[in-house]
Amino acid sequence: MAAFGLALTLALPGGTRAETTSAAQLTLTASSSGTCPMPTAEIQNNMLAAVNAQRAAKGRAPLALEPALIRAAQLHACDMATHGFFGHTGSAGTSPMRRVKDQGYKNCIVAENIALGQADVAQAMQSLLASPGHRTNIERPRVQRAGFGYLPRINGAGPWWVQVFARPC
């Protein structure tokens with residue numbers, strides 16, 4: 001059964017964009033162990049195309065992928081899978097804003113969508129667009145960058161999907 005969480009949006013004044021790079025594996029936080037595989041370029045590009053198609057339909061500017069947001073999204077997907085929860089607050093009590101900042105991205109706005117159980121990008125987008133809060137985050141006019149997390153089914157649970165949208169200051 002597919003599920004999705006409440007959409008969450010946070011805004012803070014000030015800040016500037018930090019330059020970032022991505023890695024093939026992410027190190028999980030002290031509250032977990034091991035590594036977290038990065039989502040494939042195919043997942044990132046398919047989700048970005050789906051998000052930008054919805055934004056274009058509403059007259060919104062397209063988003064660009066941001067490595068720091070990809071890392072923040074993927075670490076949250078891995079955290080949810082590793083610790084068996086589904087929510088916007090991380091296992092160590094982190095918020096979407098904190099996770100993005102921890103990846104070196106200085107922002108004014110952060111919005112996060114999460115979904116669980118959808119087999120592919122199209123199903124995840126269909127579920128998210130059916131929710132007014134998630135749709136609002138996808139169509140939010142002031143965001144400019146995005147990153148997407150994805151973890152396939154593991155031990156009968158998942159897949160986990162995380163969308164992070166932001167605007168640098």
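Both faces of strand β8 are covered in this predicted model. On one side lie Trp160, Val162, Val164, Ala166 and Pro168, and on the other lie Trp161, Gln163, Phe165 and Arg167; all of these residues are buried, where buried means under 20% relative accessible area, exposed means over 50%, and partly exposed lies in between (1.4 Å probe, protein chains only). In a regular strand the side chains alternate between the two faces of the sheet. The count for the element is accordingly nine buried residues out of nine in β8. The names of such elements follow DSSP runs numbered from the N terminus, with helices (H or I) of at least four residues and strands (E) of at least two.

The neighbours of β8 come next. Strand β6 pairs with β8 in the antiparallel sense over nine bridges; two strands are said to pair if DSSP finds at least two bridges between them. Within this arrangement, Ala111 stands opposite Phe165 of β8. Strand β7, which covers residues 145-151, also pairs with β8 in the antiparallel sense, here over seven bridges. Leu151 has Trp160 in β8 as its bridge partner.

Cys108 is joined to Cys169 by a disulfide, with an S to S distance of 1.5 Å; a disulfide is defined as a pair of cysteine sulfur atoms within 2.5 Å. This pair connects distant parts of the chain, since Cys108 belongs to strand β6 (residues 107-116) and Cys169 to the segment after β8 (160-168), 61 residues apart. How do the two cysteines compare in accessibility? Cys108 counts as buried because its relative accessibility is 10%, whereas Cys169, with a relative accessible area of 27%, is partly exposed.

The structure holds two disulfides. Cys36 and Cys78 form one of them, and their sulfur atoms are 1.9 Å apart. Here too distant parts of the chain are linked: Cys36 lies in strand β4 (residues 35-37) and Cys78 in helix α2 (residues 67-83), 42 residues apart. The torsion about the S-S bond of Cys36 and Cys78 is about 70°, and therefore this disulfide is right-handed. Both cysteines, Cys36 and Cys78, are buried. When the bonded cysteines of the protein are numbered in sequence order, the pairing reads 1-2, 3-4.

Residues are numbered from 1 along each chain as its sequence is written, and side-chain values use heavy atoms, leaving out hydrogens and water. As the model is predicted, local features need pLDDT of at least 70 and side-chain atom pairs count only at pLDDT 80 or more, while totals for chains, interfaces and linings use all residues.
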